[in-house]
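Hi everyone, thanks for coming. Let me put the model up on the screen, and then we can walk through a few places in it together.

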Amino acid sequence: MSETLSPREVFQKLLKGVTAGRFSGLAELYAEDAVVETVFEPVGPRRFEGRAALKERFAEVSAHSPVELTATNVVIRETDDPEVIVAEWNYQVHHRVTGRNFEVANIQVLRVRGGLIVSSRDFHDHLALIVAGGNLPQLVTALDGK
C-alpha cells in the first residue's frame, strides 16, 4: 500500500518536475476535477479545469518553452487548513533563444486532498518572461485586441 503524499511533498514533486523539464507526468499530480488559476497571466486562459485540460497545458508548455528554470529560495508555509500550503520561490531563468538570464518571483496557493492537487492559485511573473523573450510588442498587440 502506498502512502499518501502531504501537500508539501506534492508541491516539491511538482517543482522538481517543472525544473527538470519533465512536464509529461505532471498532470498526474492533479485530481480529475482540479482547478488551476493563473492569476497574473496577461493573455490567454487564466483558468484550467480538469486533469485533461492540465495535461494539454503541460504538453503545450513542454513543446514551446524556451526557458530553463532553477528554483531558489523555496519557502513552503503550512496553514491552519491541513490541505492548504502557500509556496514562495524564485526561478533563475535562462532564456535559450535570447540568451538572457534573469529571476522571476512565484507564489502558489495549493489545496491538496488525498495526495492530489484539487485547486491551485498561481501567481507567476509572466511579464518578466515575456520581456526577457523579447515578446513585449506581441503582448501589447494582444492586449490592444489587434
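Let's begin with the largest pocket, whose volume comes to about 1,300 Å³. It is lined by 45 residues, and Arg57, Val61, Ser65, His126 and Leu129 are the closest to its centre. A pocket here is an open set of points on a 1 Å grid over the protein atoms alone, where a 1.4 Å probe fits, with protein on both sides within 12 Å along at least five of seven lines; a lining residue has an atom within 4 Å of a point. The volume is the space filled by probe spheres set on those points, with grid points joined across faces, edges and corners.

Before going further, a word on the source: this is a predicted model, where local features need pLDDT of at least 70 and side-chain atom pairs count only at pLDDT 80 or more, while totals for chains, interfaces and linings use all residues. Residues are numbered from 1 along each chain as its sequence is written, and side-chain values use heavy atoms, leaving out hydrogens and water.

Which helix gives the most to the pocket lining? That is H2, residues 51-64, with seven residues. Helices (H or I, at least four residues) and strands (E, at least two) are DSSP runs, numbered from the N terminus. By class, the lining has 23 nonpolar, 15 polar and seven charged residues; Ala, Val, Leu, Ile, Met, Phe, Trp, Tyr, Cys and Pro count as nonpolar, Asp, Glu, Lys and Arg as charged, and the others, Gly among them, as polar.

Now the largest nonpolar core: 32 residues, with Phe11, Tyr30, Tyr91 and Ile117 having the most contacts inside it. Such a core is a set of buried Ala, Val, Leu, Ile, Met, Phe, Trp, Tyr and Cys residues joined through side-chain atoms within 4.5 Å. Beyond four places in sequence, the contacts of Phe11 (heavy atoms within 4.5 Å) include Val74, Trp89 and Leu110.

Finally, Arg77 in strand S3 is partly exposed at 43%, and its side chain makes a polar contact of 2.6 Å with the side chain of Glu88.

Notes:
Buried < 20%, exposed > 50% of the residue type's maximum accessible area, 1.4 Å probe, protein only. Polar contact = N/O pair within 3.5 Å; in protein donor to acceptor, adjacent residues only side chain to side chain.
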